[in-house]
Every structure is written in structure tokens, then in C-alpha cells.
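Here is a short briefing to keep beside the model as you look around.

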Amino acid sequence: MVGNGHATDLWQNCSTSLMGSVQHCFSSSANEWLQSVQATMILSIIFSVLSLFLFFCQLFTLTKGGRFYITGVFQILAGLCVMSAASIYTVRHPEWHFNSDGSYGFAYILAWVAFPLALLSGVIYVILRKRE
């Protein structure tokens, strides 16, 4: 959430001055739902990186005509983790932000854009066949 000289994300809350310099940052609260959002976002990064490494491994070890099932499954899991985290944050953020003057930041929008893209790339990996 961004607005009125205040920026809040999953990890920290920062207040800014009129000049734009950071005055004070402190850790976000320890709500259970916030920790679950943090955990699922970290899991999505792990699944996505694992999917990339598995793609390179399968690229050299897969037989001709084989499909990249394992890579696709991990990429789809990454997309589902992003969706879970973004939807939990969407439902629960009014408990955390009493001030309604702010707006969503770019990271929130990026998460909702990353969700369908990760699912789409996972489906493409599953459909993809190794060529000669």
C-alpha cells in the first residue's frame, strides 16, 4: 500500500518525508496471514527457480519427442502460490490498513500479472515436446 508519505509492503513499513527521503522503517506486523503470504511468495520463487533448473536438466537428458512434464508442474505450482498469496493479501489487508487513503503499489499489480503468466508458461511446458 502506498499513499500519504507512507509505504507498506510484506516486509516493512516506511514513512517518508515531503522531500521523498525515508525517515523511519520498521518491520511489518507478525500476523499469521501476513506470514502465510510471505511464505507462499517465497515458495513461488523457489518453484519458479526450480522449474528453470529442471528445464535445463530436461533439455539435455530428455529423449526426443518427450514432454517437459516435471518443469511444467513446478511452474504451475509457482503460479498457484502467487495466486494464493495475492488473494490472501487482497482479502485480509483491510485488517492491516485502517487508513483507506492509500492505493495498491506496483508489486501487488505485478503479482496479479505474474499469476496467469506463470500458469500459461507451465501449460506451455507441459505441451512442449523436445525436438531433434
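Helices here are DSSP runs of H or I with at least four residues, numbered from the N terminus; Leu110, for example, is found in helix H3. Please keep in mind that this is a predicted model. The protein chain holds 3 helices and 4 strands, and from the N terminus on its elements run β-β-β-β-α-α-α.

**The chain as a whole**

- Of the 132 residues in the protein chain, 30% are buried.
- The protein chain exposes about 8,500 Å², and carbon and sulfur atoms supply 70% of that area.
- Take the contacts between residues at least 6 apart in sequence: 65% of them join residues at least 24 apart.

**The largest nonpolar core**

- The largest nonpolar core has 7 residues in all: Leu10, Trp33, Leu34, Val37, Ala85, Tyr89 and Tyr108.
- As general background, nonpolar side chains in soluble globular proteins tend to be buried together.
- Ala85, one of the core residues, is in contact with Val37, Thr40 and Met41, once its neighbours within four places in sequence are left aside.

**Gln38 in helix H1**

- Gln38 has its place in helix H1.
- Is Gln38 buried or exposed? Its relative accessible area is 15%, so Gln38 counts as buried, the cut-off being under 20%.
- Not counting residues up to four places away in sequence, Gln38 touches Leu10 and Trp11.

- Ala30 sits in the loop between strand E4 (22–27) and H1.
- With a relative accessible area of 60%, Ala30 is exposed, because the cut-off for that word is over 50%.
- Ala30 and Trp11 are 19 residues apart in sequence, and their C-alpha atoms are 9.9 Å apart in space.

**Helix H3: length and buried residues**

- How does the length of helix H3 (residues 106–127) compare with what its 22 residues should give? At 1.5 Å a residue H3 should span 32 Å, and its end C-alpha atoms are 32 Å apart, so the two agree.
- The buried residues in H3 include Tyr108, Ala111, Phe115, Ala118, Gly122 and Tyr125.
- Tyr108 is also part of the largest nonpolar core.

- Phe106, in helix H3, is exposed, with a relative accessible area of 71%.
- Phe106 and Val2 are 104 residues apart in sequence, yet 9.2 Å apart in space from C-alpha to C-alpha.
- Leu110 is exposed too, at a relative accessible area of 54%.
- Leu110 and Ala86 are 24 residues apart in sequence and 10.0 Å apart in space, C-alpha to C-alpha.

**A nonpolar patch on the surface**

- Which residues form a nonpolar patch on the surface? They are Ile109, Val113, Leu117, Leu120 and Ile124, with about 470 Å² of accessible area together.
- Ile124 has its place in helix H3.
- The relative accessible area of Ile124 is 48%, so this residue is partly exposed: the value lies between the 20% and 50% cut-offs.

Terms used. Residues numbered from 1 in each chain as written. Predicted model: local features only at pLDDT ≥ 70, side-chain atom pairs only at ≥ 80, totals over all residues. Heavy atoms only, no water. Helix = DSSP H or I, 4+ residues; strand = E, 2+ residues; numbered from the N terminus. Expected span 1.5 Å × (residues − 1). Buried < 20%, exposed > 50% of the residue type's maximum accessible area, 1.4 Å probe, protein only. Core = buried A, V, L, I, M, F, W, Y, C linked by side-chain atoms within 4.5 Å. Contact = heavy atoms within 4.5 Å. Patch = residues over 30% accessible without salt bridge, like charges linked within 9 Å, V, L, I, M, F, W, Y side chains within 5 Å. Areas by Shrake-Rupley, 256 points an atom, 1.4 Å probe, with all protein chains shown as cover. Salt bridge = Lys/Arg side-chain N within 4 Å of Asp/Glu carboxyl O.
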